[in-house]
Amino acid sequence: MTLVEAHGVGRRVELPDGSRLDILQGVDLVVEEGDRISIVGRSGSGKSTLLNLLGLLDAPTDGELEFQGRDVRRLSSGARDRLRGSEVGFVFQQFNLLPGRTALQNVQTPLLYDRGSGFWQRERLAREMLERVGLGARLEAKPDRLSGGEQQRVAIARALVRKPKLILADEPTGALDLETGAEVMSLIESVADESGAALVTITHDLAIAARSNRHLRLVGGRLEPLDAAPSAPAVPAPGTLASSVDPALDERLTA
Ligand SMILES: Nc1ncnc2c1ncn2[C@@H]1O[C@H](COP(=O)(O)OP(=O)(O)OP(=O)(O)O)[C@@H](O)[C@H]1O
């Protein structure tokens, strides 16, 4: 099933001096259920802007964008928020956990928007999700008591507790060491597999990009395919350099 279909999508913003900046122009992308897509691009090329459009945080200024067959530009902001809440999960580089809340409370937060789910049901779902990411023994821990890798696991549990069909990961391993990053990606992928969700990952890390089955690069406001499959192993051995994964892929990603 097609989740997202973008044709000629553009995103333009107005700058304080009255001039306009075309961040994205003519983006074409189809995301199917179960897809594993990585997007690379230079800093400032518009990757986060694109992720915000795919995740219904923002609407395009040009082109057509459909989410599960619905025209995003015609949705009211309330309808967009509801669709995002039930169908999209975000994982960010900086975890974005609520600092004063326990792991269990953090993971329950998205469930507060589920009409009809009572406290005990929310607690059960959050507990199960934290157990799924290996943190069943740290339910009451607050973020400042957790390592970076553990905080990212809480963030993953929070992003996926509503079983979204689209998972958008913006540099999810950027704040983690290589080995922890590979573990965290495996976790995101296996949870995505269980629910048949699509996973779109923005990354600068070539080892992380190589794990996807579709590789795209954002350049000049457009997406272009990097179609040759990387020959690298899916997970680099701990301690290996990301750029040693596949010199050919490396060249294509960073050109
Ligand atoms: N609301 C906005 N108003 C003005 N400029 C913006 C706005 N949003 C993004 N930009 C600009 O658009 C460009 C693309 O931003 P974006 O954050 O999408 O890039 P990116 O590829 O994710 O960058 P990075 O890899 O450094 O995070 C940047 O030059 C940014 O300053």
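In what sense, parallel or antiparallel, do S1 and strand S4 (residues 62-67) pair, and over how many bridges? The antiparallel sense, over five bridges; the views below start from there. This is a predicted model, in which local features need pLDDT of at least 70, side-chain atom pairs count only at pLDDT 80 or more, and totals for chains, interfaces and linings use all residues. Residues are numbered from 1 along each chain as its sequence is written.

View A. Helices (H or I, at least four residues) and strands (E, at least two) are DSSP runs, numbered from the N terminus, and two strands pair if DSSP finds at least two bridges between them. Look for Val4, which stands opposite Phe67 in S4. S4 is also joined by two bridges to strand S5 (residues 70-71), and these two run antiparallel. Here Glu66 has Asp71 in S5 as its bridge partner. The hairpin of S4 and S5 has two residues between the strands, and Gln68 takes a positive phi near 45° in it.

**View B. His7 and its contacts.** His7 lies in strand S1 (residues 2-14). It counts as partly exposed because it has 13 C-beta neighbours inside 10 Å (buried means 20 or more other C-beta atoms within 10 Å, exposed 12 or fewer, partly exposed in between, with C-beta atoms placed from the backbone). Leaving aside neighbours within four places in sequence, His7 is in contact with Asp28, Gly63 and Glu64 (contact means C-beta atoms, placed from the backbone, within 7 Å). The C-alpha atoms of His7 and Asp28 are separated by 4.6 Å, although the two residues are 21 apart along the chain.

**View C. The shell around the ligand.** Around the ligand you will find Val13, Leu15, Leu21, Ile23, Gly41, Ser43, Gly44, Ser45, Gly46, Lys47, Ser48 and Thr49 (each with its C-beta atom, placed from the backbone, within 6 Å of the molecule). Strand S2 (20-32) and helix H1 (47-54) are the elements that give two or more residues to this shell. H1 gives the most, with three residues.

**View D. The open sheet of six strands.** The strands follow the order S6-S7-S8-S3-S9-S10, with mixed pairing. At the edges are strand S6 (88-92) and strand S10 (222-225), each pairing on one side only. S10 pairs with strand S9 (residues 214-219) in the antiparallel sense over four bridges, and Leu216 stands opposite Pro225 in S10.

Note on methods
Two residues are in contact if their C-beta atoms, placed from the backbone, lie within 7 Å.
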